[in-house]
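Good morning, and thank you for coming. Please keep the sequence and the model open while I speak.

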Amino acid sequence: MIRLFLCCFLFIHTAFAETLPQQNMVASAHPLATKAAIDIFKQGGNAFDAAAALALTIGVAEPTGSGIGGGGFFLLYIAKENKYIMLDAREMSPTLARHGEIYQTKSSIDGPQSAAVPGLIAGIDHLITKYGNLDRKRDTEAAINIAKHGFKVSQHYQRVAQWRKDVLKTNASKNIFLHQSKVPDIGSLIQQPELANTLERFAKFGADDFYRGETAKRLVADMKKDGGLIRADDLETYQLIEREPVRFQYQGFEWIAAALPSSGGITLAETLGILKDDKLGKLSEVERTHLLIEAMKLAYKDRNQHLGDSDFVTIPDLLNEKRLKKLRHQISMNKTTPSSSFVADPSGNGVDTTHFSIIDKEGNMVAATLSINYGFGSAYVSPSTGILMNDEMDDFATQIGKPNAYGLVQGKANAVAPHKRMLSSMSPTFILGKNRTFIVGTPGGSRIISMVLLAGLEFMHGGNDVSAWINKPRFHHQYLPDVVQHEQGAFSLQVSKQLQAKGHQLKPIRNYGNMHAIVWDKKTGQVFGASDKRGEGVTATFTVKTQSSPVK
Ligand code: DON
């Protein structure tokens with residue numbers, strides 16, 4: 001009896017405390033992908049169906065950033081179970097890569113040997129079958145149509161194609177992504193008929209086709225012919241893993257963030273853990289920025305040295321409170337502590353890879369960051385499947401001490417090993433306040449974590465102007481190189497001078513990131529969202545009564 005009373009009380013309490021979202025909302029990097037997710041809501045799908053359709057569609061319509069030849073992380077909130085979970089669909093190393101010896105002579109960025117075993121299809125199938133309302137056929141339909149009939153070349157596509165044109169050189173890659181070996185005109189169509197067939201097989205037979213069936217057979221045959229490392233055994237062994245997200249409290253908010261093999265959660269927890277007792281809001285801009293830079297530097301140092309796939313290496317307790325306090329004591333307010341040495345600059349402008357955020361009217365939430373790593377991944381298309389393969393092997397420390405494409409100098413914990421997952425910076429994150437929840441993430445290589453950190457702090461600060469938070473100029477420090485990379489406008493002249501006086505070396509870089517975020521106000525049920533102005537994304541809502549309306 002008492003138990004029953006308690007249950008009712010809890011139920012009533014929750015119902016009063018939390019107003020469900022008034023609308024379904026989607027924020028993604030491509031208009032066709034946002035539309036596909038909204039159409040799924042119209043058909044009665046939930047946030048998980050919408051995420052599956054979006055992931056498949058964006059992989060077709062934004063091949064520069066993600067696709068079924070890659071992987072990623074889906075952070076989920078399953079409202080009816082009140083459960084947070086991360087789907088780890090990260091790629092894993094093929095056995096033949098052994099300990100990465102091949103990358104002493106061959107590229108870990110360009111060509112079939114840079115491709116790891118894709119995980120995205122396993123993630124999407126799991127999402128649909130375990131958490132969705134609709135079937136695979138419906139969730140795959142939009143992606144198949146776009147692959148068959150084509151999507152229009154945009155400015156972003158042109159920019160990345162221009163950058164990667166020289167490595168898009170196999171017949172299959174060239175024929176699909178370039179027109180007569182040139183960057184296609186804006187508005188021209190990119191069609192992917194062989195990929196449409198592969199997606200049709202997925203719709204019928206599920207992940208089984210990809211890892212054990214016809215697609216597996218074809219992919220392995222192409223890999224053997226063209227010098228790739230993925231074999232049947234690698235595909236058969238691949239497993240989607242459900243992981244507990246990293247959860248930590250920071251000044252009255254709970255951050256729920258990506259777990260290893262993403263370094264996102266731990267690095268966010270460490271940066272904010274170091275600053276646990278600092279009232280950042282009360283400090284001057286210079287002091288606040290200085291502290292954030294110094295804490296980022298320390299956390300990235302640990303990230304690069306200690307983090308790797310936790311199924312393969314033991315991870316030290318970086319978040320130990322005493323240790324964090326000690327690290328905070330090492331920070332001087334007067335001057336920066338230099339990193340020990342200097343390495344090559346990171347490259348890429350951080351709009352490859354993709355992130356989307358979704359919420360539905362039941363309160364289900366998805367933050368997903370998906371990747372094929374570099375622009376157009378490895379630039380290798382498996383001809384008989386139409387799949388553009390990732391170059392995620394470069395996220396490993398392919399040679400200890402050698403900076404990867406993002407300038408990350410990483411250690412043994414992230415060395416290559418058969419069937420190991422490479423460390424990632426992708427950081428889909430939820431931040432829960434008393435009355436509001438934030439769903440956020442972005443592409444941008446090693447800078448992803450600092451972008452999520454800065455946007456999260458903006459959210460904690462208050463207001464509803466999601467667009468202002470995510471469009472604010474950014475800064476970043478990753479230990480090595482020992483410079484503060486920043487976008488134009490991140491610091492006023494005066495703040496720049498004061499930071500330099502503390503010994504910071506400031507390095508202006510091109511704009512980076514492509515963030516898509518949603519806020520759910522749990523008091524009113526209103527949802528607010530925005531897509532990064534640096535990209536071409538669209539945020540849209542759908543309610544049964546009002547139909548869909550773009551809010552960008
Ligand atoms: O997993 C990672 O950390 C990288 N593969 C992400 C790459 C990325 O964000 C590219 N965008 N610039």
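Helices (H or I, at least four residues) and strands (E, at least two) are DSSP runs, numbered from the N terminus. This is a predicted model: local features need pLDDT of at least 70, side-chain atom pairs count only at pLDDT 80 or more, and totals for chains, interfaces and linings use all residues. Residues are numbered from 1 along each chain as its sequence is written, and side-chain values use heavy atoms, with hydrogens and water left out.

I begin with the empty space. Rolling a probe the size of a water molecule over the atoms shows where empty space is left. The search runs on a 1 Å grid over the protein atoms alone: a cavity is a set of points where a 1.4 Å probe fits but cannot get out, whereas a pocket is an open set with protein on both sides within 12 Å along at least five of seven lines. Lining residues have an atom within 4 Å of a point. Grid points are joined across faces, edges and corners, and a volume is the space filled by probe spheres set on the points.

By this rule there are 6 cavities of 30 Å³ or more. The second largest cavity holds about 100 Å³. Its lining has 16 residues, and Gly59, Gly67, Ile68, Leu195 and Leu388 are the closest to its centre. Which elements each supply at least two residues of that lining? They are α3, α8 (193-205) and β12 (387-388), and α3 gives the most, with 3 residues. For the classes, Ala, Val, Leu, Ile, Met, Phe, Trp, Tyr, Cys and Pro count as nonpolar, Asp, Glu, Lys and Arg as charged, and the others, Gly among them, as polar. On that basis, the lining of the second largest cavity divides into 10 nonpolar residues, 6 polar and no charged.

The largest pocket has a volume of about 620 Å³. Of the 25 residues in its lining, Arg288, Leu292, Leu457, Glu458 and Lys472 lie nearest its centre. Helices α13 (285-306), α15 (448-461) and α16 (466-471) each give two or more residues to the lining of this pocket, with α15 giving the most, at 7 residues. By class, the lining of the largest pocket comprises 14 nonpolar, 5 polar and 6 charged residues.

Next, the burial of particular elements. Buried means under 20% relative accessible area, exposed over 50%, and partly exposed in between (1.4 Å probe, protein chains only). Helix α13 is mostly covered, with 16 of its 22 residues buried. In α2, the buried residues are Ala33, Thr34, Ala36, Ala37, Ile38, Ile40 and Phe41. Helix α2 covers residues 31-42, and Gly44, with a positive phi near 95°, follows it.

I return now to α3, which spans residues 47-61 and contains Thr57. Is Thr57 buried or exposed? Thr57 is buried, because its relative accessible area is 0%. Contact here means heavy atoms within 4.5 Å. Leaving out residues up to four places away in sequence, Thr57 touches Leu32, Ala33, Ala36, Ala142, Ala143 and Ile146. A polar atom of the Thr57 side chain also lies 2.5 Å from the backbone oxygen of Ala53.

His30 sits in the loop between β1 (24-28) and α2. His30 counts as buried because its relative accessibility is 10%.

Finally, the backbone. Most residues other than glycine have a negative phi, and most peptide bonds are trans. Where are the cis bonds that I wish to show? One runs from Leu260 to Pro261, with omega near 15°, and Pro261 lies in the loop between β8 (253-257) and α12 (264-274). Another joins Leu480 and Pro481, with omega about -5°; Pro481 is in the loop between β15 (475-476) and β16 (484-486).

Asn373 is not a glycine, yet has a positive phi of about 80°. Asn373 is in the loop between β10 (365-371) and β11 (381-382), and counts as buried at 3% relative accessibility. Phe376 is found in the loop between β10 and β11 and has a positive phi of about 60°. Phe376 counts as buried, because its relative accessibility is 0%.

Notes. A polar contact is a pair of N or O atoms within 3.5 Å; within protein, one must be able to donate a hydrogen and the other to accept it, and residues adjacent in sequence count only if both atoms are side-chain atoms. The expected span of a helix is 1.5 Å times one less than its number of residues.
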